[in-house]
Amino acid sequence: MTAAALFQSILASLPEIVVVTGACILLILGQLVRKGQQHFLVWASVAVVLIAALGTLMLAGEVRPAYSGMFVADRFAVFFKVVFYLVTVLTFLLSRKYAEIEGIGSSEYFVLLLLALSGMMIMASATDLLSIYVGLELTVLCTYVLTGFLRQQQRSNEAALKYVILGGVSTGIFLYGVSLIYGLTGTTQLDRMAAAVTGDPLDPGLLLAVVFIVAGLVFKVGAVPFHMWVPDVYEGAPTTITAFMSVGPKAAGFAVILRVFLNPLVAASNVWIIVAVIAAVTMALGSFVALVQDNFKRLLAYSSIAHAGFAMFGVAAGGADGVASVMLYLLIYAFMNLGIFGIVIMMRNGDFSGEVIENYAGFAKSHRGLALLMLLYLFSLAGIPPTAGFFAKFYVLVALVERGFVMLAVIAVLLSAVAAYFYIRIVMVIYMREPEGAFDPALTPALRATLAFTAAGTIGIGLFPAWFLKLAQHAAIGG
Amino acid sequence: MAVPLLSLIVFTPAVGAAALMFIRNDDAVRWIALAVTILDFALCIAMLGGFDTSTHEMQFTETHPWVPALGITYTLGVDGISALFVFLTALLGWICVLASWVAIDRKVKEFMVSLLAMQALMLGVFCALDLFLFYVFWEAMLIPMYVIIGVWGGDGRVYAAFKFFLYTLAGSLMFLIGVIVLYLHGGETFDIRTLMAHDLPFQVQSWLFFAFLIAFAVKVPMVPVHTWLPDAHVQAPTAGSIILAAVLLKMGAYGFLRFSLPMLPEATVHYSTLMLVLSAVAIVYGGLLALAQDDLKKLVAYSSISHMGLVTLGIFTLNLRGLEGGILQMFNHGVTTGALFLSVGLIYERTHTRSIADYGGLMKAAPVYTAFLALFALSSMALPGTNSFVGELLVLSGAFAANLAVGAAAVLGALLGAAYLLGMYRKVALGPASIGMRFKIRDVNAREMAAILPLAVFVLWIGLYPKPFLEIIDASVKHLLAQVQGKGGAQ
């Protein structure tokens, strides 16, 4: 590698370098910060992410391949990275008070989040199965630790352990698929794979490899049949981490899935049938099981499975619109899901866990504004216009019907009618029941800002989707 | 046209709703809601004043790009048919505010906000000329209506709200798929006028016809997807029942008129017999169920099913008299059933019972009230001189021209209507006063009079001189018929 090429590579990966360096510096600084000064860490972490975001946007002008084709900074990656920055910054803001209440506000917490962010960024940019693997592992290793961060709580430890074991297995499956691909094609680079195959793309060995890779990736987005870890991990992890995982690493998983499936080799192997089945089953399972949940975090876990299923439909549709629809879906999902998690996080105060849905009874009576926000997020998650959640679903459906998958679209809407039930059930609890006790949400300025921002996104994208749609479409073509 | 009149009409209640959120005093909330709805009504009168009845073209149109990448625009406009329902919605807006003046005594602000939001969305549905925009208005209505039924309703409100929500949602989602298919087959546009001019293959039309049928049939509601209606009507607060009966049910029929007939003419003609039979079933079945009810609201609710059957019957006769009668009957049903629910609400506020068996001899205690009740009951059973007579006569003559058996069923429905309405009136108003009704019944006061009198005026006005109302819709109906026969008749 010449010096010029190296320079270009470093330039292309500058945002990742910024985040990793920032994380390392914070790790050291964190030891020097005195007790009671932890809010410094929050703002320093936010600053690191903002600098990286600035770098990403300044470099967004052109496509920059780097590291001999293992990495690329293109518009597709930029779109996802912006989503990740958004998610991470909002998670920092949500964490500030929550970490204090739960006693987990040490510097490692923020450092691990930053490292997970860098892993996600690598996933979005990776164009080689091995660099994908590096990004994937960096992300999940950080989230393993973060899941178990509530050291005193048994269920947090249990969740982390489950996550590590199941995650390890899925990684193994993924790597096995990669090794098969390498054996058959002699390369792990996505671009070269297609060119290396001269024969029938439906070679059973190749198909097997693709299935293994799909299985490994599907685990990361929590789709059926590799969804079992999701409810336990989401319930056991600190709520801020659950919020983060439900949007950040999930979006990163979809970034990889899209990159891999955009690949002509994979596309030729009729993998969409597998994806369509996974999508339908995932959505059905998420929607139906969520119906009977009493725990808010578990319900949101199943809801996130259902949403992963819906986004999967976009992957199954494929094509420029299909890819753009998944990207837009993930962006919108980040807004509304972080919003509803923001409320759950805020409710964790004193003896109130904020996790039992019944405990929210009559919430609207004493906190009109917050209840209205909940209503907004929940109807958006249910996909009722004029919220953004509707437009996200609408665009996926357009992509499906456009490709002739009308039956899939019908399945998708029927299942989303099922899913609507458990969202509006929460609305019922907060609006139509009498309160049993007083509520004392831990409402800090940072939380207020987060809620205002997510609400603005949820309603704003719903009313004026044109600009965001164009953004997603441009980025999708760039990929 | 420089002034975006329709946008003003649609968004005045929305702005009002937003403004109400910052007001703390309940009385101020009520007065502002009333002022907003009256202002909206005035705007609507202004719109009708400038309305040209000689053309079927869309009037007062406004177009702005919304999501250009998908061909979605913000387009509003009215023809004769939609103008009539914009008027009906605006009229009932302030009547609903008056009807809930004292009936809603908790969370007044939230109620009025929901009511005004509902108003804006309903007006939007009738004005939208872009399919996507239409769908957004159509579906967004679920949110305020769910809250209105679920928060301020009766004892079984939660169940009723869920049932209403899920039924309508499931129906609408099929419609959504239909909309997307239509969009892709119709040249990637959501513009309703362009789509009307577009010819679709019969196969596609058939599929779309049934996708639309599911959504509209739930809303109308047609038998067998009517079961949400009695629950929702009975549990909803008075204003909610009025909105449901007077406007929401019209949207299903309006959907047939706006989409199924002009966009899918061949399928409409092909399946019109099926629709006629379904309508006839609804007429008779709804009437029989109404006959057996003891709950006043349930009786009116089932009578609604019967009467809406008459509306769909008129529409699918696909002849001029049937269509005009059906559309006029939609308006009439809005006025009459709205008034009946209002009447039931008024008496319920006094007695806290809706069971017919508890009533008797009400005429002595509240003569003015019972006079109104008599008028609306007579109107509902289409006595000559009242509004429904005109509509029903037109529908029946259209029905007999289209299909003798179906016409006979419609007549049977009218007979049943006379039976249950007169029976109800006899038990409630005549005879000896029942124990509970002897002393405490107060007659209609000024505020209630202001709500109920306009409806009575419309009952008699349309009954005696329907010409202005028929004139509004005439050109549009003729054009619609030409669209159906031009394409659908040619097969």
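How many helices and strands are there in chain A? Let's start there, everyone. Chain A holds 21 helices and two strands, where a helix is a DSSP run of type H or I with at least four residues, a strand is an E run of at least two, and numbering goes from the N terminus.

A quick word on what we are looking at. This is a predicted model, in which local features need pLDDT of at least 70, side-chain atom pairs count only at pLDDT 80 or more, and totals for chains, interfaces and linings use all residues. Residues are numbered from 1 along each chain as its sequence is written, while chains are lettered from A and ligands numbered from 1 in the order in which they are written.

Back to chain A. Its radius of gyration is 21 Å, close to the 23 Å that the globule rule gives for 479 residues, so chain A is as compact as a globular protein of that length. That radius is taken over C-alpha atoms, and the rule is 2.2 Å times the number of residues to the power 0.38. Along the principal axes, the C-alpha atoms fill a box of roughly 70 × 55 × 40 Å. Of the 479 residues, 59% count as buried, meaning that 20 or more other C-beta atoms lie within 10 Å of the residue's own; 12 or fewer makes a residue exposed, anything in between partly exposed, and C-beta atoms are placed from the backbone.

Let me pick out one residue, A:Arg64. You will find A:Arg64 in strand E1 (residues 64-66) of chain A. With 19 C-beta neighbours inside 10 Å, A:Arg64 counts as partly exposed. Leaving out residues up to four places away in sequence, A:Arg64 touches A:Gln8, A:Leu11, A:Ala12, A:Leu59, A:Val72 and A:Ala73; contact here means C-beta atoms, placed from the backbone, within 7 Å.

Now, chain B. Chain B has 21 helices and two strands, and 62% of its 491 residues count as buried. Its C-alpha trace spans about 65 × 55 × 40 Å along the principal axes. Among contacts in chain B between residues at least 6 apart in sequence, 81% join residues at least 24 apart.

Here is a helix pair to find on your screens. The axes of helix H18 (residues 387-402) of chain B and helix H20 (residues 446-464) of chain B come within 6 Å and cross at roughly 45°. Axes are lines fitted to C-alpha atoms, for helices over the stretch in contact, with angles from 0 to 180 degrees between N-to-C directions. On the H18(B) side, the contact is made by B:Asn387, B:Phe389 and B:Val390, and on the H20(B) side by B:Phe458, B:Val459, B:Ile462 and B:Gly463.

So where do the chains meet? The contact takes 25 residues from chain A and 25 residues from chain B. On the chain A side, the largest share, twelve residues, comes from H19(A). That side divides into 21 nonpolar, two polar and two charged residues; Ala, Val, Leu, Ile, Met, Phe, Trp, Tyr, Cys and Pro count as nonpolar, Asp, Glu, Lys and Arg as charged, and the others, Gly among them, as polar.

Finally, confidence. Chain B averages a pLDDT of 89, with 97% of the residues scoring at least 70; pLDDT is the predictor's confidence in each residue, from 0 to 100. The model scores ipTM 0.91 and pTM 0.93.

Key:
Two residues are in contact if their C-beta atoms, placed from the backbone, lie within 7 Å.
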